[in-house]
Amino acid sequence: MSHFDVVVVGGGPAGCAAAIHCAQRGLRVVLLEKTSFPRHRPGETLHPGVEPLLRQLGIPPQNCHRHTGHWVHWDGPPRFQAFSASGDEQWRGFQIPRALLDQQLLEQARNLGVQIVHLRHPSRVLLEQGRVQGVQAQAAQWTGQFVVDATGHHAWLQRQLKIPLRRFSPRLVARYGYCEDSNLPDEKLGLFAHSDGWH
């Protein structure tokens, strides 16, 4: 059994950010992730307001396309939505491939001393007197003062504790792909509605 200050379940952006934030404050952290990296996920279109957060986490954006806004063709004629009302060219968003974002966050967590464990088998929650104490996978156990569930829609902890799931929308299906263009103009970035959905 290994004891930590914080056990984080889930190694996506939320889990890595939580692990980094805790490690920056001197806490001993283990991050448990069942999927090997790089993982295939949709890319990230990020608002420029996230830049201070990325810098705080120690991963200033690099090697990604920056853009001043995006087009919206939804409930009316196409219109360009700039991120800055004043036209400030420094206020630019990001197009970051998800694999790159995951890699940068995971490397930063590792550099700060976070122990990263890739689970090969299903895990279960450890309870003591009705309080979540840690995680077990086969014979291995990781306990901590705090356990953070960062598994997103998988709701690992909620399922373990048999708390009823509440769905607020039907299951959504997204198809995605990547295109590469070193001179991608802003007018190709946007949300465009059509009769079959949107892209």
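Asp102 counts as buried, because its relative accessibility is 1%, buried being under 20% relative accessible area, exposed over 50% and partly exposed in between (1.4 Å probe, protein chains only). The model is predicted, so that local features need pLDDT of at least 70 and side-chain atom pairs count only at pLDDT 80 or more, whereas totals for chains, interfaces and linings use all residues. Residues are numbered from 1 along each chain as its sequence is written, and side-chain values use heavy atoms, with hydrogens and water left out.

Asp102 belongs to helix H3; helices (H or I, at least four residues) and strands (E, at least two) are DSSP runs numbered from the N terminus. When neighbours within four places in sequence are set aside, Asp102 is in contact with Gly12, Pro13, Phe37 and Arg39, contact meaning heavy atoms within 4.5 Å.

The chain contains four helices and 13 strands. Its C-alpha atoms fill a box of roughly 60 × 35 × 30 Å along the principal axes. Of its 199 residues, 35% count as buried. Among contacts between residues at least 6 apart in sequence, 64% join residues at least 24 apart.

An open sheet of mixed pairing is formed by six strands in the order S8-S2-S1-S11-S10-S9, two strands being paired if DSSP finds at least two bridges between them. Strands S8 (115-118) and S9 (124-128) stand at the edges with a single partner strand each, so one side of each lacks a neighbour in the sheet. From one strand to the next, the twist averages 40°. Within this sheet, S10 (residues 131-137) and S11 (residues 140-149) pair in the antiparallel sense over four bridges, and Ala137 has Ala140 of S11 as its bridge partner. Helix H1 (residues 13-24) lies across S1 (2-9) and S2 (29-33), running at about 170° to S2; axes are lines fitted to C-alpha atoms, for helices over the stretch in contact, and angles run from 0 to 180 degrees between N-to-C directions.

A nonpolar core is a set of buried Ala, Val, Leu, Ile, Met, Phe, Trp, Tyr and Cys residues joined through side-chain atoms within 4.5 Å. The largest has 23 residues, and Val29, Leu105 and Val114 have the most contacts inside it. At least two residues of this core come from each of S1, H1, S2, strand S7 (93-96) and helix H3 (98-111). The most are given by H1, with five residues. Apart from this core lies another, of 15 residues, including Phe4, Leu32, Val125 and Val132. Not counting residues up to four places away in sequence, Val29 touches Phe4, Val6, Val8, Ala19, Cys22, Ala23, Gly113, Val114 and Gln115.

A separate antiparallel pair consists of strands S5 (residues 69-73) and S6 (residues 79-82), joined by four bridges. His70 has Gln81 of S6 as its bridge partner. The S5 and S6 hairpin has five residues between the strands, and there Asp75 takes a positive phi near 55°.

Phe168 lies in the loop between H4 and strand S12 (190-194). At 70% relative accessibility, Phe168 counts as exposed. The C-alpha atoms of Phe168 and Gly69 are separated by 30 Å, the two residues being 99 residues apart along the chain.
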